[in-house]
Amino acid sequence: MMIDPKARYMKSHEWAKHQSGNIFTVGLTAYAIEQLGDIVYMELPEAGKKIDREGSFGVIESVKSASDMYAPLGGTVREANTEVRDNPDMLKKDAYETGWLIKIEASSPAEFDGLMDAAAYQKYLETEA
Amino acid sequence: MRQTPFYDRHSALGARIVDFAGWQMPIQYPQGIVAEHLTTRRHAGLFDVSHMGRFCITGKGAARFLRYVLTNDCDQLAIGQAQYTVLANENGGAMDDAFLYRPTADKFLLVVNASNKDKDWAHLQTHVSGFSDAVLEDVSETAAMLALQGPQSEAILRSLVTSGALPQARRNAVGSVTVGSTEVCVARTGYTGEPVCFEVFIPAQGALAVWDKLIEAGASPVGLGARDTLRLEAGLPLYGHELGIGKDGREIPVYAIPQAAFAISFDDPNRKFIGRPLLEKQAQARQRYKAGDFSDTGVLPKVVRQMRLLDKGIARDGAAVYYEGRQVGGVTSGTMVPCWDYTKDGDRIELRDTHAQRAVGLCLVNADVPVGVRIEVEIREKKLNAQTVVRNLENRSGPVTAAVL
C-alpha cells in the first residue's frame, strides 16, 4: 500500500493515525521509504521524551544519507518501535501497520486535522514531490 | 546532461538515475546498494564507468610529457602494465588522481575522474604544447569503459573470450582480447578492493554487445552507490574527499593518503615533475612519522586513516574526530557498509549466506594519531566511540575478500 486512507500526512512524508484517546501512531510513508533505498540505521526517541510539532523525533539513515523525521503532532512519546529500529527492512514490507515508529500522546489532538488527508497527500506526491 | 552508451540498459533494468558530473548515471538498480555491494564481494559486479575521462597520449614525446605532468614514472611502466598516478600541482596537492595504462609500446591511456575531466584536460593542454612530438587526445567518447569486479569475474570474462588470452594474473596487467567480435582492452585494475578485478575498454560500437554478454554470463549490474561503499570498505581514496581541497578549505597534501607511496616515484633523481619539491618534503615527513618523529609536521599536518565505529551509528563526511579529548580532524568519507558473515579455517574462509553491516570510514587526522587506537566521532552532538584500523577489508585465499571485524 503506497498510501493509507486512514492516515494523515506531512509534506516531509511522515504519517499519523489516531489510535485511541490522545494517542497517535506516527511513521514514514511508503513513498519516503522507497526513496531512501536501503535503510541501514535508525534513531528513535525514548518513551517520555517531549517533542514539538514539526520538531525532529528521530533520524533515518540510508547508505547515502541521514534524514531527520518530523513529528506531525506535538506531545509526549509513549512508545518507540524498537523492533523496526533494529530491523529497518521491516519498513519495506509494511510502512503503515507493523512499520509504525512512535506513539505520541498529543498535547493538542486537533493538530491532526491540520494535516493532509490521503487524497491531498496523493495529489502532493503527483505534483510536488 | 550526457548519457553513456549503456543508458538504455540502465533504464530497462529499472536503475535509479542521478546526475553525476554532467552524466546521467545509475546510482543503484532495484536490488539496492547493499545487495549490489554484497554480490560484488561474492560473485561479480558490472559497473558502467564510461563517464570517466580517458585521454590517449602518443608520439615520441609522450613519455617525456607524462613524466613531467604525472607523479609516477611511466618509464617504469612495462608494456602491458598500468600504474596509479597523480596529477599534482605546484603546492604538493592533487589536481586529480588517475590510472595510467600502457596497452602497447607507443600508446598511453590516462583515466581520470569524471568530475575533474575538464579541469585535467585544460591543465594537460597547457603543458603538452611544451613537448614536441607528444599528442594528447580526448578519447572519452570513442570508447566505453566497464569494470567487472569480484571473485567470479575472471570465469565470466574468460567464458566470453573468443580469441586471445586474458592478461597474466597480476595486479595492473593490461592486455587485449576479443569478446564476440569486438576487440577490447582488458586491465586487471579496479576500485573495489577485489583481488580479482577487470576494467574493460570497448570501442563504442561494440559496447552494448559486450555489456549484454557479461550480464548473460552472470555479472550483476552495480551502480555508483555501491561503487562508493566498495571503495570505502577497501580504504581507497576519492578525490573531493581524501584528495583535493579539504573541509578546512586547505589543500590536502598528496602524501596524506597512504596510496601516495605507490603513485609517486622519485627513483630518477633527474626527473623534474610538477610538485616534486614539495612532494619530496612530504615523503620525508612520512619517513620521520614512521620513525616516531612528529617534531615537524608542517608540510604534512594530517594523514588519512581508516576507521570503524564501535558504537551504533554512522560516521559521515564532515563529522569531527577526537583523540585523547581534543579534536584532531574530521571524517572525509563514511557510511554503513554490508559484509558477508564467514567461517574461518586457517587462511581459508567460507562465506556464509547471512550478512552483517558495519559503519566504516576514512578520516583526515593529525599525523600523530596512531593506527589501532580509540577515537571519538561527533555525530549529532554525541560523541561515539570508534577506532582507527589498519584495514576494514582483507584478502583471503579463494581469492576473496573478508571483513576485518
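**Note on the two-chain model**

1. Sheet in chain A. Six strands form an open sheet in the order β1-β2-β3-β9-β8-β5 of chain A, with antiparallel pairing. Its edge strands are β1 (8–9) and β5 (50–51) of chain A, each pairing on one side only. Please keep in mind that this is a predicted model.

2. The β2/β3 pair. Strand β2 (residues 14–20) of chain A runs antiparallel to strand β3 (residues 23–28) of chain A, and six bridges join them. One residue pair can be named. A:Glu14 has A:Leu28 in β3(A) as its bridge partner.

3. A:His13. This residue sits in the loop between β1 and β2 of chain A. Its phi is positive, about 75°, although A:His13 is not a glycine. Most residues other than glycine have a negative phi. Is A:His13 buried or exposed? With a relative accessible area of 14%, A:His13 counts as buried, because the cut-off is under 20%.

4. B:Ala21. Chain B also has a non-glycine residue with positive phi: B:Ala21, at about 50°. B:Ala21 lies in the loop between β1 (16–20) and β2 (23–28) of chain B. Its relative accessibility is 37%, so B:Ala21 counts as partly exposed.

5. Largest nonpolar core. This core holds 79 residues. Those that touch the most other members are B:Tyr101, B:Ile264, B:Met307, B:Leu309, B:Val321, B:Ile375 and B:Val377. Which strand gives the most to this core? Strand β20 (residues 348–366) of chain B does, with eight residues. In soluble globular proteins, nonpolar side chains tend to be buried together.

6. Around B:Ile264. Neighbours within four places in sequence are left aside here. B:Ile264 is then in contact with B:Thr71, B:Asn72, B:Val254, B:Tyr255, B:Phe273 and B:Leu279.

7. Second core. A separate core has 42 residues. Among them are A:Met10, A:Met69, A:Ala71 and A:Val84.

8. Second largest pocket. The space in this pocket is about 660 Å³. Its lining has 30 residues, and those nearest the centre are A:Val40, A:Tyr41, A:Asp86, A:Pro88 and B:Gln357. Which elements give two or more residues to the lining? From chain A they are β4 (39–43) and α2 (82–86), and from chain B they are β19 (326–345) and β20.

9. Lining by class. The lining of the second largest pocket has 15 nonpolar residues, 10 charged and five polar.

Technical notes: Residues numbered from 1 in each chain as written. Chains lettered and ligands numbered in written order. Predicted model: local features only at pLDDT ≥ 70, side-chain atom pairs only at ≥ 80, totals over all residues. Heavy atoms only, no water. Core = buried A, V, L, I, M, F, W, Y, C linked by side-chain atoms within 4.5 Å. Buried < 20%, exposed > 50% of the residue type's maximum accessible area, 1.4 Å probe, protein only. Helix = DSSP H or I, 4+ residues; strand = E, 2+ residues; numbered from the N terminus. Contact = heavy atoms within 4.5 Å. 1 Å grid on protein atoms, 1.4 Å probe; cavity = no way out; pocket = protein on both sides within 12 Å on 5 of 7 lines; lining within 4 Å. Points joined across faces, edges and corners; volume = space filled by probe spheres on them. Nonpolar A, V, L, I, M, F, W, Y, C, P; charged D, E, K, R; others polar. Pairing = 2+ DSSP bridges.
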